[in-house]
Amino acid sequence: MDWDILIRNCRIVDGTGRDAMPGEIGICDGRIGVVASNCLGTAARVIEAAGMVACPGFIDMHTHSDLMLLAEPGAHAKIMQGVTTEVIGQDGLSYAPVTDATLPQFRAAFKGINGDPPGLAWGWRSVAEFLAHFDRRTAVNVAMLAPHGNLRAAVLGMDDRKASATELDQMTRLLEQAMDDGAFGLSTGLTYAPCSYADTAELVALCRATARRGGFFAPHLRSYGADMDAAVREAFEISAAAQCPLHLTHFQASFSTGKGKAGFYLQQIHEARRQGLDVTLDAYPYLAGSTFLAGLLPSWVHAGGEAQLRKRLSDPAIRTKIRHEMEVVGADGMHKVPVDWAVIVVSDVGSAPRADWVGLSLAAIAQRTGRAAFDCYADLILESDLAATCLAFIGHEENLQAFLRDPQFMGSSDGILVGARPHPRAWGAFARFLARYVRELGVLKLEECVRKLTSVPAARLGLADRGCLRPGYWADVVIFDPDTVQDTATFENPRSYPDGIPYVIVNGVLVKDNGQHTGATPGHALRHVSRSGGQRGLSPPMARHAPPDRPR
């Protein structure tokens, strides 16, 4: 047999959770041809991998690469850490579907998360048109969720009100079209406007449409802080009422209110599963979160769009009300926890002339300037044209480790790729899982960690030909040294690639070769196949049942 690539003398960790075994892998025409103790034949390229592990490519279940993958198709931040598939359209906020009216609104409101890179052709409006821009034009595969905020904005604008029956029907039809176009499910961001304006009934109706087409529901909960108990119950109630699989995205019980509560939430998850609810979860391996500064505001401040937000922040009386809600009461944007300005660190200032504020907490900025932290915060939002971003140091290590151990946990980065000093998770998350939580702390066995980064997310997405090293599967492969793999990205120097991952293969093409990016862009736009028809894509229909602890 003549192979395109032959990986020799490696330790094969196949993604199922089974023990590693010595062997070789032959790749031909983009797919895995054989996984065996000895691959016969010649190869155009032989990779000698003695002492290294070969495993399936990592699937990043929560990313914010929606625009930067178009601007930087090499996807260096992800390829260099072994990610071969990214899931975009998260937190209910993306760039498809859009209308002529909503596209400029999203470009302005969310440039702190996705940037607003020059030179993009903004001709798309539908999910199908958006996905076409990624197919074989990026280094990684791309899967997308239908963003609830886009659906709501297209029908109700930024109005803070309940949808009428007619409006809900319009949103449902937009969602069905998005899924027929290839979206794998529905995402929402219930602390972000306009998603936060939806009531439970609206979400149940949309999730019923999602379930009919074989998708899943991925909510950013209404609270990961003081009201997390109620927020988790709501997510369970929505999914149960709609009979829709539930994926708890970036699931980390944070703030002082969440300390020590991982066991409580895991017990709820396990009970929901026993009652027949299909529940999975993901998280990033860091204790700090990251978002755009305006996202911390009470959701009512966003009602009506950017102009109204600016007007409210510029009105002294309303500004006093906002400050009281954030600092004393606890705003929904801060998960109903009174804000501690000492844990909110500026990561980018957008167009504001405040470069010296990057890396400082709002409390430190207040001390330096002699002004109230809230005033510094509010003025920075205005001066940056809403593009300023922050880190929030609110997590708990014991909670993260407990969630990691759940059999249906999967990895994510939630990475923001823009800004002066963004969160290091976009560059280091997957190497950190392997270095810190496998080799250093022993929280997970290597084989189990790889399973959670590969076959578990593939099962959640319903990808029957990715996530494992098996003959006939697409050849998404990572080769790393388990003794030296290490994240090097830090909060001070986030754009630093990990060590110990010399080779990454996407759809049978070497994209990282001997530690260097090759410039290849073989990624596919993965399209969910709706049960009700729609686009035929590279992936099979969504699995109808909960993914097993070990993929079949």
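Glu86 has Val142 in β8 as its bridge partner. The model is predicted: local features need pLDDT of at least 70, side-chain atom pairs count only at pLDDT 80 or more, and totals for chains, interfaces and linings use all residues. Residues are numbered from 1 along each chain as its sequence is written, and side-chain values use heavy atoms, with hydrogens and water left out.

Strands here are DSSP runs of E with at least two residues, and helices are runs of H or I with at least four, numbered from the N terminus. Two strands pair if DSSP finds at least two bridges between them.

**Strand pairs**

| Strands | Bridges | Direction |
|---|---|---|
| β7 (residues 83-88) and β8 | four | parallel |
| β1 (residues 2-12) and β5 (residues 53-56) | two | parallel |
| β5 and β18 (residues 477-480) | four | antiparallel |

β7 belongs to an open sheet of three strands, ordered β6-β7-β8, with parallel pairing. β6 (58-60) and β8 (141-144) are the edges; each has a single partner strand, so one side of each lacks a neighbour in the sheet. Neighbouring strands in this sheet are turned by 20° against each other on average, direction ignored. The axes are lines fitted to C-alpha atoms.

Ile12 is partnered by Ala54 in β5. Val53 is partnered by Phe480 in β18.

Now a helix. Glu448 lies in α18 (residues 446-453). Glu448 counts as buried because its relative accessibility is 16%, and buried means under 20% relative accessible area with a 1.4 Å probe, protein chains only. Its side chain makes a polar contact with the side chain of Arg451 (2.9 Å). Such a contact is a pair of N or O atoms within 3.5 Å; within protein, one must be able to donate a hydrogen and the other to accept it, and residues adjacent in sequence count only if both atoms are side-chain atoms.

Conventions: Axes fitted to C-alpha atoms, helices over the stretch in contact; angles between N-to-C directions. Buried < 20%, exposed > 50% of the residue type's maximum accessible area, 1.4 Å probe, protein only.
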